[in-house]
Amino acid sequence: MFSMFVYTNNYLKCGIVRVSHFHEREYKFSTRAPCKYSFQPAFVGTHDLIDRRKLHFQARGSKYHKMSSQVMEKTESNVAVEDSLRDLPLSNSYETAMEALSSLITRQKRGTPSSVGGKYGKFDRMQMYLKILNLEEHIPELKIIHVAGTKGKGSTCAFCEAILRECGFRTGLFTSPHLIDVRERFRIDGFDISEDKFLLHFWDCWNQLKEHVSDDLPMPPLFQFLTVLAFKIFVCEKVDVAIIEVGLGGKRDSTNVIKEPVVCGITPLGMDHTEVLGNTLGCIASHKAGIFKPQVPAFTVHQLSEAMDVLHEKAHELAVPLKVVEPLDHKKLEGSKLSLSGDHQFTNAALAVSLCKCWLQRTGNWEKIFQNQDNPESNMPEAFLRGLTTAHLYGRAQVVHDSSSNCHFGSAPADNSSGDLIFYLDGAHSPESMEVCAKWFSSAVQESKQLPNLSSSSHDVESMKEVWGNGYIQSERGNTNESNKISKKILLFNCMEVRDPQILLPQLVSTCASSGTYFSKAIFVPSISTYNKVTSGTSAIPSGISNQDLSWQFSLQRLWEKIIHGIEGDVVLDESSKLDSAETLPPREFLYEDASRCSPADGNLACSSVISSLPLTIKWLRDCVRENPTLRIRVLVTGSLHLVGDVLKLLKR
């Protein structure tokens with residue numbers, strides 16, 4: 001039972017008006033405004049977002065002072081709306097909202113059918129929810145960029161958001177899944193929505209929908225609710241553009257209630273979610289092309305012919321002008337680097353550039369912004385460059401340098417009394433994305449070997465800082481004994497049971513090996529995240545889980561051992577290998593023995609370990625480097641975005 005707000009008739013009206021940065025609009029206050037609050041929301045920190053934006057732009061230097069001032073003026077123009085909320089009493093706690101969200105989960109595991117009652121189908125329900133919240137007529141005002149695809153959706157959307165924000169627009173970004181906190185799914189002007197604003201809009205949605213629940217119209221399941229909430233947030237926050245990432249597929253996705261996007265994008269396609277989308281590339285492409293709308297421009301990247309043929313066919317049926325985008329030429333970056341790591345990001349960046357240019361042209365802003373720039377058609381506009389080099393996305397090709405018991409996200413530790421622990425995080429979970437992940441990891445660890453030693457001077461430390469991805473400044477730590485470090489590459493892996501590890505793990509191993517990268521050991525762990533609960537970034541993390549079924553992790557371990565030892569077919573490993581019981585924690589010696597020492601000839605197959613607790617695994621790795629100053633452990637965390645999110649949550653603690 002959730003403690004709910006009392007319904008009242010004291011609504012706070014906020015007119016659905018957006019004043020563009022480049023042209024004013026007439027103020028029209030709707031008599032059915034969606035931004036009315038039928039509850040007692042939290043106090044809104046009026047200057048929170050503004051202060052963060054100021055710090056962000058101050059850190060960027062005077063080079064972008066003019067753009068900074070423009071964006072700041074627009075951000076501050078929204079203060080009046082927030083000020084009007086100051087007199088409202090406090091709301092329920094954030095954890096209570098997480099409990100409410102958890103009650104909307106209608107299936108326990110990915111791949112199992114969702115059990116939603118009522119007599120209406122998904123899209124009928126979505127339209128009814130939007131009508132209840134008075135949102136249906138306001139969605140076209142969001143001037144949406146809608147993006148579907150198998151790989152790179154999140155990266156493409158992140159690039160789009162950053163580019164248009166740098167052009168001076170107020171942006172809204174909706175992505176999924178979240179890694180640490182559900183608020184990551186809703187970004188306003190480049191930042192996760194604040195806890196206060198989230199509660200404000202969340203409880204308004206919750207209470208209004210709860211009032212209309214019936215046997216025919218139940219509460220929406222989790223993703224539908226979050227999608228509706230995204231529309232409400234973006235309408236009430238008066239964004240100039242909303243970038244919406246498709247959740248799953250396209251044609252039947254909850255986001256496809258969007259009827260009039262400004263432009264659509266399709267990222268690289270591959271075999272994923274086959275249990276829902278079909279087991280051929282053509283079927284998958286058909287689902288993704290479901291976001292095409294009549295005569296609305298669309299862009300895609302080079303696809304395999306089976307997928308491309310379907311995209312062209314669907315585009316022809318709807319008179320959609322579909323253009324294929326070439327990967328971005330690195331020369332156009334003028335010496336700068338994409339903020340998201342990996343060669344594949346040049347494809348995502350090119351798609352984002354095309355989507356943003358089309359959006360600016362169709363909304364009448366291209367010439368207004370770039371009228372004084374020399375030949376923007378052939379040169380990359382400066383605002384586009386800033387967006388491409390500052391966009392960030394958690395858990396995709398992200399590097400976090402952890403040391404001892406203290407995690408840091410920006411600077412090297414002051415002492416050299418312990419070894420190095422570096423996490424390479426990428427939520428790859430399809431064959432194609434696993435190949436990309438393996439190439440990125442191999443490149444990242446090889447590049448770090450070539451970094452020169454750091455002296456103790458702050459000047460030298462600062463000169464070595466690199467933006468390795470996602471907007472975080474990372475640095476390799478060094479000292480005079482750097483060349484004596486014992487380097488070990490460890491795989492930390494888990495994937496959902498609907499995935500096929502017999503494709504994922506061989507793909508990872510072979511791609512890394514082709515670049516000369518080999519894993520010393522592999523550790524298989526269960527994720528902390530469950531499918532029946534939504535947690536926040538501050539939710540309690542269990543140190544261990546008793547009586548947990550680890551049969552899936554053991555199957556992953558046996559597959560790994562077969563790959564490492566070149567065992568073909570359905571050979572059953574010798575029971576003497578003891579791959580049937582989880583270790584509380586492996587001995588320290590486990591890290592020092594290379595995979596080459598594991599030999600099936602003598603029954604020694606200990607190239608891997610199953611550990612029943614992820615928190616204990618992180619603690620064990622930290623203890624290992626703390627006790628050995630000569631040790632450098634590079635941990636690739638992949639196979640699941642849930643696992644990546646769990647690791648990030650632990651490192652932030």
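I take a helix here to be a DSSP run of H or I that is at least four residues long, numbered from the N terminus. I also note at the outset that this is a predicted model, and I read every value below as computed from it.

**Entry 1, helix 8 and its end.** I looked up helix 8 (222–236) and found 15 residues that reach 21 Å from the first C-alpha to the last, close to the 21 Å expected at 1.5 Å a residue. Of those 15 residues, 14 are buried, so helix 8 is largely enclosed by the rest of the structure. Just after helix 8, K238 takes a positive phi of about 55 degrees, and I placed K238 in the loop that leads from this helix to strand 5 (241–245). Is K238 buried or exposed? With a relative accessible area of 19%, K238 is buried, though I wrote down that the cut-off for that word is under 20%.

N134 belongs to the loop between helix 5 (122–132) and strand 1 (144–148), and N134 is buried, with a relative accessible area of 6%. I then went through the peptide bonds and noted that the one from S176 to P177 is cis, with omega near -5 degrees; P177 sits in the loop that joins strand 2 (171–174) to strand 3 (186–188).

I asked which residues of the largest nonpolar core touch the most other members. Of its 46 residues, these are L101, F186, F198, F202, F225, F231 and F234. Helix 4 (94–102), helix 5, strand 3, helix 7 (195–211), helix 8 and strand 5 each supply at least two residues of this core, and the largest share, ten residues, comes from helix 8. A second, separate core holds 42 residues, among them C157, C160, L173 and L351. Returning to F225, I left aside the neighbours within four places in sequence and listed its contacts as L101, L104, F202, C205, W206, L209, M219 and P220.

I counted 21 aromatic pairs. In one of them, F519 and W560, the ring centres are 6.1 Å apart and the planes stand at 70 degrees, so I logged the pair as edge-to-face. Because F519 lies in the loop between helix 17 (501–514) and strand 15 (521–524) while W560 lies in helix 18 (residues 551–565), the pair ties together parts that are 41 residues apart in sequence. Both F519 and W560 are buried. I also recorded one aromatic cluster formed by Y94, F174, F186, F198, F202, W203, W206, F223 and F225. As for charges over rings, the charged end of R187 sits over the ring of Y394, 5.8 Å from its centre, and the charged end of K521 sits over the ring of F590, 4.9 Å from its centre.

How many disulfides does the structure hold? I found zero disulfides. For C167, the closest cysteine sulfur is that of C356, and at 7.1 Å it is too far for a bond, given that a disulfide requires the two sulfur atoms to be within 2.5 Å. I checked burial too: C167 counts as buried at 1% relative accessibility, and C495 counts as buried at 3%.

Definitions and conventions
Residues numbered from 1 in each chain as written. Predicted model: local features only at pLDDT ≥ 70, side-chain atom pairs only at ≥ 80, totals over all residues. Heavy atoms only, no water. Buried < 20%, exposed > 50% of the residue type's maximum accessible area, 1.4 Å probe, protein only. Expected span 1.5 Å × (residues − 1). Core = buried A, V, L, I, M, F, W, Y, C linked by side-chain atoms within 4.5 Å. Contact = heavy atoms within 4.5 Å. Phe/Tyr/Trp six-rings, centres within 6.5 Å; stacked < 30°, edge-to-face > 60°. Lys NZ or Arg CZ within 6 Å of the ring centre and 35° of its normal.
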